[in-house]
Amino acid sequence: MGLSRTAAIVLRQFYLLRGSPARVVPLFAWVAIDIILWGFITRYLNSVAASGFNFIPTLLGAVLLARASFAGARDGVA
Amino acid sequence: MSAVLSVSNLSKRYGDTLAVDGISFEVARNEILGLLGPNGAGKTTTINMILGVLEPTSGKIHIEGFDIAAQRRQALERTNFAAVYAQVPGNLTVMENLRIFGMLYSVRDRSRRIAELLQEFDLERFRDTRCGVLSSGEQTRVSLAKAMLNRPQLLLLDEPTASLDPATARDMRATIRQCAAEGTGGVLWTSHNMYEVAEVCHRVLFLSHGRILLEGDPKTLPGDHGKETLEELFIAVAREPLTLERV
């Protein structure tokens, strides 16, 4: 019972993506912009901050996690 | 045999407003029960509580003996719903929608059932058309086909023929009547079209301010209350509910 319903939702997402491939673009485009934007910011922070702390994995990881969470929540109810 | 739907002392309160005020009724097997009343009487709130979308403030709902609060899955897999305001997703084709809903309802022999419904509701030529570009009448037919997918024991129809032309509406009424007569299920039907109600429903309930005001056979009820037609009785219920008593 549960498996059939889960498969129905997966099939729905497949049909939506097949019917409108442009839906895939924002999934990657915004992430790419985030990586570039926050990548430069963290590199700058690393260059001016005291040595010993690496901003790149911390800040960039947090931004990507937040973006993935928001996208998941939004697409889950759309 | 037990009733398909049993509602007892059902109430719904929104803050200070009592939308549904302790109503009780049953839908018997092979019965089409009309739920009538003016706008704001509590019809859609009642249907939403039966569907499990709204939680009642108090009262019990049993579908085929299953308590909607405690045995939600068993109750809802025996139910389906169609309404003019709840069309199927417009960005999927008719076939895709029916396939997905068929899986959601775990319909056995899904492909054959979908083919039957496409033929029954004259939707074969639209099978690969996105629902969003269909006319409102065609979308209503898709909605009704979806509502019949799992051969529901309880079918809830909220103004199902509101956007259909008279000829199509008559065909749909005949189809729904046939489904109610052939199976072992029942139908709860709301409509503002009194001609349709008189033609289709075996029994009607008049709701006003969340309470059941009148109940009876739509063919004899107007005469019992000194009115010529069901429409006149409806207007009387809407304008002067206090002058009428429940029989």
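Let's start where the chains meet: ten residues of chain A are in contact with seven residues of chain B. On the chain A side of that meeting point, the residues sort into six nonpolar, two polar and two charged ones. Keep in mind that this is a predicted model. From here on we'll look at a sheet in chain B and at one of its edge strands, β6.

**The sheet in chain B**
- Six strands make up an open sheet in chain B, and reading across you get β6-β7-β8-β3-β9-β10.
- The pairing in this sheet is mixed.
- At the edges you'll find β6 (79-83) and β10 (211-216) of chain B, and since each has a single partner strand, one side of each is left without a neighbour in the sheet.
- On average, neighbouring strands here are turned by 20 degrees against each other, with direction ignored.

**β6 and its partner β7**
- β6(B) pairs with β7 of chain B, which covers residues 154-158.
- The two strands pair in the parallel sense, over five bridges.

- Which helix lies across β6 and β7 of chain B? That's α5 of chain B, made of residues 136-148.
- Helix α5(B) runs at about 175 degrees to β6(B).

Note on methods:
Residues are numbered from 1 along each chain as its sequence is written. Chains are lettered from A and ligands numbered from 1 in the order in which they are written. This is a predicted model: local features need pLDDT of at least 70, side-chain atom pairs count only at pLDDT 80 or more; totals for chains, interfaces and linings use all residues. Two strands pair if DSSP finds at least two bridges between them. Helices (H or I, at least four residues) and strands (E, at least two) are DSSP runs, numbered from the N terminus. Axes are lines fitted to C-alpha atoms, for helices over the stretch in contact, and angles run from 0 to 180 degrees between N-to-C directions. Two residues are in contact if their C-beta atoms, placed from the backbone, lie within 7 Å. Ala, Val, Leu, Ile, Met, Phe, Trp, Tyr, Cys and Pro count as nonpolar, Asp, Glu, Lys and Arg as charged, and the others, Gly among them, as polar.
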